[in-house]
Amino acid sequence: MTRPVPHTRAQYPYHHPTPTRWADNDVYGHVNNVTYYAYFDTAVNAYLAARGALDIHGGAVIGLVVESGCAYFAPAAFPDTLSVGLRVGRLGSSSVRYELAVFREGDDAACAQGHFVHVYVDRDTRRPAPLPPALRAALDALHPG
């Protein structure tokens, strides 16, 4: 397997400020690996909510995670100030691949980068559903293709 190369800030059109918390550190003194997934989820949902593309409690569709992954390059730790870069790698009719990278303040290279795939489904039936227009518009803004 080829080791990924850290991405740069400029490769991501949206950045979500993410301060670390004391509880993010693990016994080894750095942000625990599982916490990066929470950073990813927070950045995506904050972006979508700010653009009126996510109605957590009443929306007709919901996103279910079907795949995720992360590569780690350098540690982050409390009290680091981070930002999470967000872009869309693939946009389908009912799914999206979010690509994310975590940057420490002052660093241009990612300390971690990863992805997750949402399949959007009807809230009631849990069957794949087309992306609503507001969601597609918000995602199009992050997709280079």
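## Basis of the model

Residues are numbered from 1 along each chain as its sequence is written. In this predicted model, local features need pLDDT of at least 70, side-chain atom pairs count only at pLDDT 80 or more, and totals for chains, interfaces and linings use all residues, while side-chain values use heavy atoms, with hydrogens and water left out.

Helices (H or I, at least four residues) and strands (E, at least two) are DSSP runs, numbered from the N terminus. Strands β3 and β4 run antiparallel and are joined by nine bridges; two strands pair if DSSP finds at least two bridges between them. A hairpin of three residues leads from β3 to β4. L86 has L100 as its bridge partner in β4.

Strand β4 covers residues 95–104, and eight of its ten residues are buried, that is, under 20% relative accessible area with a 1.4 Å probe and protein chains only, where over 50% is exposed and anything in between is partly exposed. Eight bridges also join β4 to β5, again in an antiparallel arrangement. E99 has H115 as its bridge partner in β5.

R87 lies in strand β3, which spans residues 81–91. With a relative accessible area of 18%, R87 is buried.

The side chain of R87 makes a polar contact with the side chain of E99 at 2.8 Å. A polar contact is a pair of N or O atoms within 3.5 Å; within protein, one must be able to donate a hydrogen and the other to accept it, and residues adjacent in sequence count only if both atoms are side-chain atoms. A polar atom of the R87 side chain also lies 3.3 Å from the backbone oxygen of Q11. Leaving aside neighbours within four places in sequence, R87 is in contact (heavy atoms within 4.5 Å) with H7, Q11, Y12, P13, R97, Y98, E99 and L142.

## The largest pocket

The largest pocket has a volume of about 250 Å³. A pocket is, on a 1 Å grid over the protein atoms alone, an open set of points where a 1.4 Å probe fits, with protein on both sides within 12 Å along at least five of seven lines; lining residues have an atom within 4 Å of a point. The volume is the space filled by probe spheres set on the points, which are joined across faces, edges and corners.

Of the 18 lining residues, A53, L54, D55, G59 and V61 are the closest to the centre of the largest pocket. Elements α1 (33–50), β2 (61–72), β5 (112–122) and α2 (133–140) each give two or more residues to this lining, and the largest share, three residues, comes from β2.
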